[in-house]
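Thanks for passing this one over. Here are my notes, jotted down as I went through the side chains.

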Amino acid sequence: MWNQEEWIRKAEELKPELKNERVYPVSFSRNEKLNSGDSIVIDFGNHFVGHFSFHCKSSGSHQDAPLFVKIKFCESAKELDEDSSTYKGWVSRSWIQEEWLHVDVLPSLVSLPRRYAFRYVKIDILDVSPKYSVIIDEAYADCTTSADDTVVTEFKGNDIEEKIDRVAVRTLRNCMQDLFEDGPKRDRRLWIGDLRLQALANSVTFKDYSLVKRCLYLFAGCCDESGRIPACIFTEPGISGDNTFMFDYSLFFISVLYDYARMSGDIETAKDLLPVAVRQWQLAKEAFGPDDVIEDSDRMGWCFIDWNLELNKQAGAQFIYIYTLKDLLMLMKLAGETDTDLLQADIQKKSEAAVKYFFDPDRKLFVSGKEKQVSFATESWAVLSGVLSKDESRELMLRLERYKDALRMVTPYMNHVYVEALIKAGLRDEAYKHMIYYWGGMVDDGADTFYELFNPENPDESPYGSTIVNSYCHAWSCTPTYFMRKLNLVEKKKHPEAFIFDLDGVIVFTDRFHFKAWKKIADRLGVFFDENVNNRLRGVSRMDSLEIILEKYTGEELSAKDKEAIAGEKNEIYREYLKEMTPEDVSSEVRETLTELKRRGYKIAIGSSSKNAKFILDKVGIADMFDAVSDGTNIEKSKPDPEVFVKAAEFLDINPEQCVVVEDAYSGIDAAKAAGMYAVGIGEAEVCDKKDAGIDRFSGLLLLNLITEEAYE
């Protein structure tokens, strides 16, 4: 049909150069004398893909018999104790990562030719002569990936989110070889269902669009004689498509191409491969009857959707058809195609037929097959296909959760679809909770990379008859990084409910009064005092301020009682000056901003180390605007200790993390952050490194981009 050789040529031109890294273990019992029956575990500290080498030597008498060892490669710690001799599963035992070998001459560097996926390497000494022991004194691995670690930005979230992201990125990284592999331990090939998810995760991490492009050309070049995209392809010993074809996987070529084009901006490739995408639509249409309903099938593997032999896939297949055709419509528009009437009509007909045929009005859920099965897969794809409104989708997904007989999910692949559907239905809280439950469950299970299959209720489950062939680094598990980085599926920050203001320098300006009062005291003590010294007193308690002034005092030693008297004297002088204050000392900008914050529903409080706060508020006529005052009369420690702000939150009966502090002093910013509050700097503190936000004028508070519910929609 097309020049497939040309597409293979383009794919090979995009073949990446693998990056090689020599890594060493983080721990193993180096130089331990080992005899027959002994074993040693080498821990590399993280999951790697590469070639293993170790150096061994003999101890004791001359080596009079070969060293006979078994080397076992484990992606997870749970594999260390598994016995391969008991395996009776249906997946070929040749995938089990074990090697038996003889070493005839010691010392020797043993380098294994086969590539492995592992964190742990266990070496069992099957036999040595009684006359000598063996010592393993060095081990390393030459590891490969085509991913560029330097382009991935650090993800900032809460503790579990950051852990999930790190594991997701590591999973994707280790599956990125000369193409996007399915799993580096087993199934070292490219499946298009996995590629769809890997490409999404790649777009927000490594951004290696050339590797996605390569994979698209590989699939296009491996079409069968009818133009159908195979489910997977191989690159060794040469490039070839598998003889497995699945309804949904062939259609997903459309979605991968569309996602690639819109994310990379490469319209030329979209135009080049558009005929292949259109052909998938033409071939898929043949599966529908005259009523526009897809024909059901009991043929194993006709459609994937999820790895569950009990799942009826009829309805899900129809919804995937609609989903991918909508992507095709957008792809054609990107490529400049205007003749889309037939496609739009087909989408409309298949959507109407899906609702008419598959929706059960009694259960108010979509059903599939003769048995009218309800499943998480069917409902999730119904939502993603867009045949329902957002409100209808929301009700559908909530109803699904309450339907106890719904067939549940098996793979991370399907769990991804479910989370996507929850997000599309506007159920972000539920989507987030499921992501934490599912992928967070793997993290809690000790995952360095995410698994091929995972049941949080039974982490040791395997569909193969034995966990020894389970894959613990698998492509389709890497998408939480996409949810969090692209779709902002992170812990919902609580909307701030209160503002806590420092008083002096923020609401009012009494610096001149403080300066005059301290100047009077300093002159009497014979101590130099100027604006620079005064600035050091900002946000500092009265007694601590006095200690700063007394740094240059050379007179007779002052007792604690003397210092208290001096501080009291200063305060009396200061209060006399404060009597000069009037409502004019509060600007109209401050009054109007406080009024607007109150109108918006915020509580407001004062958090000041001054014992004169209430007196000042009364003098300037704004005491009744504040819901609480925390000041020097109710605290024992001044800023940067957080006590004054913590007390203010207690008076307001609001959690500290829901409070915004506005401060003009660095010590105040430190106190706010120590209290776990959002810190806004104004004045000198506008440029403080520890602040969360800075404003150059008081009314800037009304323009702050604070976390709100709407920010997650």
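Predicted model: local features only at pLDDT ≥ 70, side-chain atom pairs only at ≥ 80, totals over all residues.

1. Let's begin with the rings. The structure has 37 aromatic pairs. Take Phe52 and Phe54: their ring centres are 5.8 Å apart and their planes sit at 25°, so this pair counts as stacked. Both Phe52 and Phe54 are buried.

2. Tyr413 and Trp476 make another pair, with ring centres 5.4 Å apart and planes at 45°, so this one is tilted. Tyr413 belongs to helix H11 (residues 412-424), while Trp476 is in the loop between helix H12 (428-444) and helix H13 (480-485), so the contact ties together parts that are 63 residues apart in sequence. Are these two buried or exposed? Tyr413 is buried, at 1% relative accessible area, and Trp476 is buried too, at 4%.

3. There is also an aromatic cluster, made up of Tyr438, Trp439, Tyr451, Phe454, Tyr472, Tyr482 and Phe483.

4. Arg170 sits over Phe48, 4.7 Å from the ring centre. Arg196 does likewise with Phe252, at 4.4 Å from the ring centre.

5. Now the salt bridges, of which the count is 39. Arg173 and Glu21 form one of them, at 3.5 Å from N to O. This pair links distant parts of the chain, with Arg173 in helix H2 (residues 159-175) and Glu21 in strand E1 (residues 19-23), 152 residues apart. Arg173 is buried at 8% relative accessibility, whereas Glu21 is partly exposed at 37%.

6. Which residue forms a salt bridge with Asp43? That would be Arg119, with the closest N and O atoms 2.8 Å apart. Here too distant parts of the chain are linked: Asp43 is in strand E3 (residues 39-60) and Arg119 in strand E7 (residues 116-127), 76 residues apart. Both Asp43 and Arg119 are buried.

7. Lys579 and Glu576 pair up as well, their closest N and O atoms being 2.9 Å apart. Lys579 is partly exposed at 47% relative accessibility, and Glu576 is partly exposed at 45%. Elsewhere, Glu6, Arg9 and Glu13 are joined in a salt-bridge network.

8. Last, the largest pocket, which holds about 1400 Å³ of space. Its lining has 47 residues, and Phe304, Asp306, Trp307, Asn308 and Leu309 lie nearest the centre. By type, the lining splits into 23 nonpolar, ten polar and 14 charged residues. H12 supplies the largest share of that lining, with three residues.

Technical notes
Residues numbered from 1 in each chain as written. Heavy atoms only, no water. Phe/Tyr/Trp six-rings, centres within 6.5 Å; stacked < 30°, edge-to-face > 60°. Buried < 20%, exposed > 50% of the residue type's maximum accessible area, 1.4 Å probe, protein only. Helix = DSSP H or I, 4+ residues; strand = E, 2+ residues; numbered from the N terminus. Lys NZ or Arg CZ within 6 Å of the ring centre and 35° of its normal. 1 Å grid on protein atoms, 1.4 Å probe; cavity = no way out; pocket = protein on both sides within 12 Å on 5 of 7 lines; lining within 4 Å. Points joined across faces, edges and corners; volume = space filled by probe spheres on them. Nonpolar A, V, L, I, M, F, W, Y, C, P; charged D, E, K, R; others polar. Salt bridge = Lys/Arg side-chain N within 4 Å of Asp/Glu carboxyl O.
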